[in-house]
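Please open the model in your viewer and keep the sequence panel beside it. We will begin with the whole chain and then move to a single residue.

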Amino acid sequence: MANKITNETLDYVAILAKLNLSDEEKQTARTDMERMLDHIDKLNELDTSHVEPMSHVFASVNVFREDVVTNADGHADTLANAPQRAGRSFAVPKTIV
């Protein structure tokens, strides 16, 4: 294995992941992390100079509506089905005693 994970690095990653690892779990995690980094190094050896960069495997098209800015707050539509109103707000029963 070319990549070696230090105890400090492993402890730091465990803190970030909010993990409390036993000594046995630390050794397993260290081995797994080193194997992952070795695999990434192997992938970095591939010649990708003729591969076109992409963000998705499949072509994606935005199917959502256009974002149109309006100045209306829509309060009338929001309150149209309200059982009770208090001005421009919903009127609800008091829930805290």
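Colour the protein by secondary structure and read along the sequence, where the pattern is α-α-α-β-β; there are three helices and two strands, taken as DSSP runs (H or I of at least four residues for helices, E of at least two for strands) and numbered from the N terminus. This is a predicted model, in which local features need pLDDT of at least 70 and side-chain atom pairs count only at pLDDT 80 or more, while totals for chains, interfaces and linings use all residues. Residues are numbered from 1 along each chain as its sequence is written, and side-chain values use heavy atoms, with hydrogens and water left out.

Next, select the C-alpha trace of the protein, which spans about 70 × 50 × 20 Å along its principal axes.

Now show the surface and ask how much of the protein is buried. Of its 97 residues, 10% count as buried, where buried means under 20% relative accessible area, exposed over 50% and partly exposed in between, with a 1.4 Å probe and protein chains only.

Then select K18, which lies in the loop between α1 (7-16) and α2 (23-44). Is K18 buried or exposed? With a relative accessibility of 75%, K18 counts as exposed. If your viewer reports backbone angles, look at phi of K18, which is near 55°, a positive value in a residue other than glycine. Most residues other than glycine have a negative phi.
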